[in-house]
Each structure stands twice: as structure tokens, then as C-alpha cells.
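Colleague: I am new to this structure and would like to learn how to read it. Could we go through it by topic?

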Amino acid sequence: MMKLTDQQGRRVLQPDLCVIGAGSAGLSVASIAASLGASVVLIEKNRMGGDCLNVGCVPSKALIAASLHARATREAGDFGIGAGEPIVDFTKVHAHVKGAIAAIAPMDSTERYQAMGVSVIAGEARFADAHTVVAGDRIIRARRFVIATGSRPAVPSIRGLDQIPYLTNETIFDLAEKPAHLVVIGGGAVGVEIAQAYRMLGAQVTLLEAGERLLAQEDPEMAGVVDQALRSDGVAVRTGASIERIEPAKAGGFAVVLSTGESIDGSHLLVATGRKPVVDGVALEAAGIASDASGILVDRGLRTSNRRVYAIGDCAGGAGKGARFTHVANHHAGLVIRNALFRLPVRVGKAPIPRVTYTAPELASVGLTEAQVREQHGTIRILRWAFADNDRARTERQTEGHVKAVVTPRGRILGCSIVGAHAGELIMPWVLAMSRGMKVSHLAGLIYPYPTFSEVTKSTAVEFLKPSAQNPWVRRLVSLVRRLG
Ligand SMILES: Cc1cc2nc3c(=O)[nH]c(=O)nc-3n(C[C@H](O)[C@H](O)[C@H](O)COP(=O)(O)OP(=O)(O)OC[C@H]3O[C@@H](n4cnc5c(N)ncnc54)[C@H](O)[C@@H]3O)c2cc1C
Ligand SMILES: NC(=O)c1ccc[n+]([C@@H]2O[C@H](COP(=O)([O-])OP(=O)(O)OC[C@H]3O[C@@H](n4cnc5c(N)ncnc54)[C@H](O)[C@@H]3O)[C@@H](O)[C@H]2O)c1
């Protein structure tokens, strides 16, 4: 990489790629580019690993893992194992969550990236002009820039909220005590995952969702199973909840007052009402980069209004706006590499993107929901298979949930949703089939090991073939062959 100094003696770096933000998106693009021999500068103003490692996927899944152990202890009696109400030490649960972060952190560390040949700069990056980024005393004039500044919690304007010390995903994983009564505002992925985890760990939990149902992006039939699971775990789920105000309670804590006049007292408040892209702090305007509420505006090639600059991951808006997941950030990174380093044309939005909500049972989906399909397609077939009819699920007493696949009459897969144990793992054959244009009959024809949960895929796919068994021609053929001896 070329290094110069400017008139004020500041170092000027001239790498192939300058990446702003070392979260899932930025790290991914930096590591692939470096492995291909490109010179890369990576700038991070806070913690390496971004949200996913520090305040998102990793701590939430570690918390959920602890909560599943608590649940398993409660249910051990069903298997003939003496147990009972688990003793949950919240200090140790907190240590486990932090331990999970610490175990993964070296993978995202400055040291590892520097060893790969990436120049890592700790500091805030700001555009000085269309070709230049400044970070501390460094000036970076890269061939291409990638903005990967992520997203932050979107906090709604509820009267009195600013008077209460509320939690968001940025602070809840620092909690090392049992909340007497956790009130969660927002029934999206963050809200349902954390509400259920704390409930399974023994806390009283109320979940307030303004909409008519939880997990609004998901098929209502499948999200309904998660809703029921939360309720039977003892989470007080309140959909259609309109919050009037929040005020300090006389006995300490706070009271959430609904528009019905009902008041709900709580000790800890989690705000999980969505995310908004980080578009400030980078001086986008200095580089002629447009943004709006959806994020930094990009075209289908993830390029911003400044052709030398891409925006990827949670901060991408326009044609790049969609599901905000770590695997989407990684996918964006791959597209940018192809375009920036190899000049290959790329198009975001083509690949089927799976999504998983890590509740118990998990909810995983890919492609279109039934309602979306009914808007766009004529005749369709819905295939279902219940976990209760899977032998492994029966042996493990995990019979809750089902698979629902939406296919065309010719067997093209338009979408699949699975709610049940290991749904996040079980969705992958459906993702593969959709990505490669395979039909549902291909999934029916595979050999699945017995007894596995993955047989739910075979059973669902075989449902597609069942009407053929009733076909009079098939029956005539069978009787003809029988007569041949
Ligand atoms: C509670 C929770 C649980 C989640 N669980 C999952 C999950 O299970 N699976 C999943 O796929 N996704 C999950 N997500 C979503 C996932 O965390 C995000 O999609 C992912 O982190 C996006 O990566 P990113 O790189 O775009 O942004 P981020 O991870 O937010 O990284 C952006 C980085 O840019 C830095 N930055 C910002 N501005 C500047 C600047 N001017 N200069 C230098 N650095 C800057 C920030 O400090 C940050 O480190 C979860 C999110 C939350 C909140
Ligand atoms: N398992 C995963 O992959 C995972 C887990 C957590 C988060 N995420 C990512 O993070 C994103 C953000 O998650 P999220 O759950 O914060 O947002 P979300 O947008 O998915 O859900 C927010 C919910 O809050 C509700 N809401 C908004 N204002 C409200 C109010 N005043 N009162 C009551 N309810 C209100 C909305 O109706 C909505 O249902 C997700 O879309 C996803 O991309 C992914």
C-alpha cells in the first residue's frame, strides 16, 4: 500500500479498499479482500466485532443457551431424571454470556486482522471529500470505500420513557441480576428471544407488542406457535398494546400505562422496538453520498450515489434494504468483493435468504410466506408435516411445531417455514433447493438417516407426491406389473 504524508505531516494511506466499521459486514469484506492480496484499511471506532459479537447474536444466543438448560432441568422429570426447579445464579449466567463473547472475540480481533495484512485503525472515520476519509491523524485515499456502519436501537417517543433507566440490546447483556419483573416493549426477534430466555431463567416477564401479533414478518400460522409457546412458558404476552406513558412507580421501578388505563409495574424495562441504520458520524454529505430513513442509498450492486463507495450490512438502504442479519452482511461482503476487486456485475436481492428466530421452538423461514405467494401466484400447494409425526422428535419429547412448504403445482419451492426443534438447522435443505432451482421431488428423493429430525423435510416433500399415488394410471400400471408375475 502506498504511504505518503500531506502538507501537515499526516500519513496518507492509499489502499485498494478502505472499510468503515468492523462489524459482521466490515470484517467479512476486509478478510476476503486481504486473502485475495488486496491492500485494506479497516477503521473501527468502538469494539471489533460490532453488534453481532458484542451486543447482538452472540450474547443473545449464549443467554438462550443458559435458559434452555434451565428449561431442560425443569423437564428432566419427564425422562425419569430427578431434578426440579433449577437454581439460577444470574452472576454466573452473566459470566457465561461474557465468556461466549470472549471465546469468539479473538476471531474478530485487531491482532488477527493485522496478521492477515489488514491495517486496522481505531477511531472514527469521516469523509473529507469524495475520495478521502480521515480517521484521527490518518488520511485514507482508497481506490474503493465500503461503509459498514451498522444500525442502532430505534427508541420510540413514548411519554416518560426518557425519565426511566431503560435497557436496549446495548445494555441488557450487562445485567448480572435477576430482574424481578422484566417488561419488554416490542415483539420482534429481539423482544421474543429475550423475553422467553428471561422467563425460562425464572424472571417474571411481560411482553408488550403494539401490533396485532408477534413476529409480524413471519407467516401468522408459524408465528402463532411461538406466541403460544411464550404464553405457556408464562410470558404475559400483550399484543395490540398501546402505551400511553411510562412513569416512575411509588414502590420503585416504573409503571407502563396503557391507553386502556391499565398500569403494569416493572423493575426492568427493555426497549426492543426495531433498529435504525447508522448514517450519521461519517459525513456522508462531504462525499456526495445520499441517505434516507432506509439507510445509505445503494443500487442493486450495493453502490452509493458516489460510485467509488459501497454501503453494506445493516446500514444499507435503498435496494440494499432488507432483512438485517449477520448472514446478510456476509452475503453483501461477498458481492462487493466480486464487484470491487473483479469488476463482475452483481445484484443484491437474488439469493433466497433464510431467517431464524431462536425461540423454543425455533422458527426458521426462507422465501415467501403463504400470504405473499397468494398475492403473486395462481394455484399453489401447501405441504405440511408435524413434528409430532417424527420419530426422533417423539423420543426427545420435542413434538411441538410443524413444517409448512409452499410449492407450485409442478413442485417449484416458493417458500418454506419450520417451527420446531432445530428449525434453524433444518431449513438448510430448503435454502439449497431454492438457491439451485431444485424441485420438492428432489428433496423427497434423498436418503435421510433414521431417526433424525431432518426426516421432517422428507416427510413434507413426500406429501407432494402422495396425490400421484391415487392417480388411476399409476394404479393400472401397478396391477399390470402384478399380472406379469
Ligand atoms: C439482540 C440482537 C440479536 C441478534 N441476533 C442475530 C442472530 O441471531 N442472527 C443474525 O444473523 N443476526 C442477528 N442480529 C443482527 C446482527 O447483529 C446484525 O445484522 C449485524 O451485526 C450487522 O452487521 P454490520 O456489520 O452491518 O453492523 P454492526 O455489527 O453494527 O457493525 C458496525 C460497526 O461500525 C462501527 N462504526 C459505525 N460508525 C463508524 C465510523 N464512523 N467510524 C468507524 N467505525 C464506525 C460500529 O462501531 C460497529 O462496530 C441480532 C441483532 C440484535 C440487536
Ligand atoms: N434471530 C435473529 O436473526 C435476530 C435476533 C434479533 C434481532 N435480529 C435483527 O434485529 C432486527 C431488529 O429486531 P427488533 O426485534 O428490535 O425489531 P423488529 O422491527 O423486528 O420488531 C420491533 C417490534 O416492536 C414493535 N413496536 C414498535 N414500537 C412499539 C411500541 N411503542 N410499543 C409496542 N411495540 C412496539 C413493532 O410493532 C415490532 O413488532 C431484526 O429485524 C433482525 O434483523 C435478528
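Predicted model: local features only at pLDDT ≥ 70, side-chain atom pairs only at ≥ 80, totals over all residues.

Colleague: Into which domains is the protein chain divided?

Modeller: Domain bounds come from an automatic or database domain assignment. Here domain 1 is 2-48 + 109-152 + 276-342, domain 2 is 161-274 and domain 3 is 361-469. The centres of domain 1 and domain 2, taken over C-alpha atoms, are 35 Å apart.

Colleague: Which residues come nearest to ligand 1?

Modeller: A residue is near a molecule if its C-beta atom, placed from the backbone, lies within 6 Å of it. Ligand 1 has 37 residues around it, and Gly21, Gly23, Gly50, Gly150 and Gly313 come nearest. By class the shell has 14 nonpolar, 16 polar and seven charged residues; Ala, Val, Leu, Ile, Met, Phe, Trp, Tyr, Cys and Pro count as nonpolar, Asp, Glu, Lys and Arg as charged, and the others, Gly among them, as polar.

Colleague: Where does ligand 2 lie, and why?

Modeller: Ligand 2 lies between domain 1 and domain 2, because both give residues to its shell. Of the 27 residues around ligand 2, the nearest are Gly186, Gly188, Val190, Gly274 and Arg324. Helix α6 gives the largest share of this shell, four residues. Helices (H or I, at least four residues) and strands (E, at least two) are DSSP runs, numbered from the N terminus. The classes in the shell around ligand 2 are 15 nonpolar, eight polar and four charged.

Colleague: Which strands are joined to β7 by bridges?

Modeller: Two strands pair if DSSP finds at least two bridges between them. Strand β6 (residues 125-129) runs antiparallel to β7, with four bridges, and alanine 125 has alanine 135 of β7 as its bridge partner. Strand β8 (residues 138-140) is also antiparallel to β7, joined by three bridges; there valine 133 is partnered by isoleucine 140.

Colleague: How many residues lie between β7 and β8 in their hairpin?

Modeller: Two residues lie between β7 and β8, and glycine 136 in the turn has a positive phi of about 60°. The hairpin of β6 and β7 has two residues between its strands.

Note on methods: Residues numbered from 1 in each chain as written. Chains lettered and ligands numbered in written order.
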